[in-house]
Amino acid sequence: MASGEITRGVITQVPVPASSSRSAPREVFRDAECRLLLQSVNASGAALCVTDGETRVRYVNEAFARLSGYSRAEILGQPVRQFLVSDRVSEYRFRKAVKKIRLGQTHETDLLLTRRNGQRLWAHLDSSPVFDPDGSIRHMVTVLTDITRAKLHEVLQCVVMEALVREQPLDHVMTLLCREIERMAPDAIASVLRVDRDGMLHPLAGPSLPAHYLRSLDGMPSGPSAGSCGTAAFRGEAVLVTDVACNPLWTDYRQQALALGLHACWSVPVHHRDGRVVATFALYFRDCRGPDPLHSQLVAIGTHLCLLAIERDEAHRHIRQMAFYDALTGLPHRSQLLSRASQMLVEMAREQAGLAVLFVDLDRFKQVNDALGHACGDELLRIVAERLRSVVRDSDLVGRLSGDEFVLVLPRCSVSHVAAFLERLRATLSVPARIGDTTMVLSASVGVSLFPRDGSDMTSLLRHADTAMYQAKRVEHGSFSFFSPP
């Protein structure tokens, strides 16, 4: 501007000697032009900042003040760096921009800024040098554009996708997402709860919430008055509670929340493609308040990325189920059974403990298939599998070998314990079962081999248990037999 000078936020008129009376109208025009320019810059929605050669702020317009959250008086004369730099990446980009401008080049970059209230936003900076008549650089002019919405999606998606590519567990991915969102919105506390098919809640992530609080949520049922998250899962729609202390939805849970200083909670359900609610994404606040536009943007992106991660996890579980488990009964199939049993043998050998292998073969299964059909035969196998699950310990292993043959592996088990277990198993299997329109009594012949007496590897133990099963079947259906060498 030929007729003006930038001094601490205002443009002052530089006196111009009147060389003739005919120049007066021209000076008046220039003065009006400067005022119009100044008014336009202040009224512009684009944030503008002018710094001197030492990068101290000489002028900012109203849009810059609104963007930063500071008044113009607080900004002027200060190093511009303190308003533009929030992390190491921003520091590096800022230094690079200053270096290029001092070389007389224009430069564009994206920086993460922190507003006065702690809220973070992304801005695109377009910076240019301002030269003196002698060619030296006197000022730097920067125009800032708020690109938070686009950048948030880019940054959050990058965090989640990188974790997914690395095959990180779902809870780890969700924790990364929550932490990044809290970094963007430090006035909010993020959490993700998984919702199972029975409507029960299970914490996936909540890095800023105490562990005991998250544990208290595990297994909590969704319902019409189950806090923000449980109610959101039940209704299938967002639930905003701006005052936990007096909202009836929080009657049963408010004391826990208030004890942690949590006074508001906004929870949004995450809908699967089939319509069911698979998770809730929530923001807690320490004040009685609702979300601002930044929170809304973060939650919109967060719920989308939650769904992406959960669908990936479900797909992996399904693939694992098909790869390692029997599709009909859900039990480990032959290869998975042998692999896990072999690992158990290594542990038992190290502990010098015993282990039993039980080979279970249903009696007269072919007749059931022939008389009632394969659908009833499949139902019978599912019933047997469920009953076998019901009698074993968490440390035991149950698998389906093939057809109507099942195998149980019982670690740390003596002969007397196996005998007692077999009686319990026979009683459980003999309970009448309703299959189609028919009620039948089930029975199975069971062969037993013991480690280390009957073999040191799973192949030998399984073969000997199979031999013992045929010994039992020859004696009487529904009986059991321990392996004895011929």
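Biologist: In what order do the strands of the antiparallel open sheet run?

Modeller: This is a predicted model. The open sheet is built from 5 strands, and the pairing is antiparallel. β4 (57–60) and β5 (107–114) are its edge strands, each pairing on one side only. From one strand to the next the twist averages 30°. The order is β4-β3-β7-β6-β5.

Biologist: At about what angle to β5 does helix α5 run?

Modeller: Helix α5 takes in residues 88–102. The helix lies across β5, β6 (120–131) and β7. Its angle to β5 is about 145°.

Biologist: Is His107 buried or exposed?

Modeller: His107 is part of strand β5. Neighbours within four places in sequence aside, its contacts are Lys96, Ala97, Lys100, Leu125, Asp126 and Ser127. The relative accessible area of His107 is 11%, and the cut-off for a buried residue is under 20%. His107 is therefore buried.

Biologist: What is the bridge partner of Phe359 in β19?

Modeller: Strand β14 (residues 355–362) and strand β19 (residues 444–451) run antiparallel. They are joined by 8 bridges. In β19, Phe359 has as its bridge partner Gly447.

Biologist: Which element gives the largest share of the largest nonpolar core?

Modeller: That core has 39 residues, of which Met174, Leu177, Ile181, Val192, Phe281, Leu283 and Leu298 touch the most other members. At least two residues each come from α6 (148–165), α7 (170–184), β8 (189–195), β9 (200–205), β12 (264–271), β13 (277–285) and α11 (293–324). The largest share is 9 residues, and it is supplied by α11.

Biologist: How many residues are in the other core, the one with Phe365?

Modeller: This core lies apart from the largest one. Its members include Phe365, Ile383, Cys413 and Ile435. The number of residues is 34.

Biologist: Why is the chain described as more spread out than a compact globule, and what is its radius of gyration?

Modeller: The chain has 16 helices and 20 strands. For 486 residues the globule rule gives 23 Å, and the chain is well over that value, so it is more spread out than a compact globule. Along the principal axes the C-alpha trace spans about 130 × 50 × 40 Å. The radius of gyration is 36 Å.

Biologist: What percentage of the residues count as buried?

Modeller: The accessible surface of the chain is about 24,300 Å², with 54% belonging to carbon and sulfur atoms. Of the contacts with a separation of 6 or more, 57% are between residues 24 or more positions apart. Among the 486 residues, the buried share is 47%.

Methods:
Residues are numbered from 1 along each chain as its sequence is written. This is a predicted model: local features need pLDDT of at least 70, side-chain atom pairs count only at pLDDT 80 or more; totals for chains, interfaces and linings use all residues. Side-chain values use heavy atoms; hydrogens and water are left out. Two strands pair if DSSP finds at least two bridges between them. Helices (H or I, at least four residues) and strands (E, at least two) are DSSP runs, numbered from the N terminus. Axes are lines fitted to C-alpha atoms, for helices over the stretch in contact, and angles run from 0 to 180 degrees between N-to-C directions. Contact means heavy atoms within 4.5 Å. The radius of gyration is taken over C-alpha atoms; the globule rule is 2.2 Å times the number of residues to the power 0.38. Buried means under 20% relative accessible area, exposed over 50%, partly exposed in between (1.4 Å probe, protein chains only). Accessible areas come from the Shrake-Rupley method with a 1.4 Å probe; for residues, only the protein chains shown count as cover. A nonpolar core is a set of buried Ala, Val, Leu, Ile, Met, Phe, Trp, Tyr and Cys residues joined through side-chain atoms within 4.5 Å.
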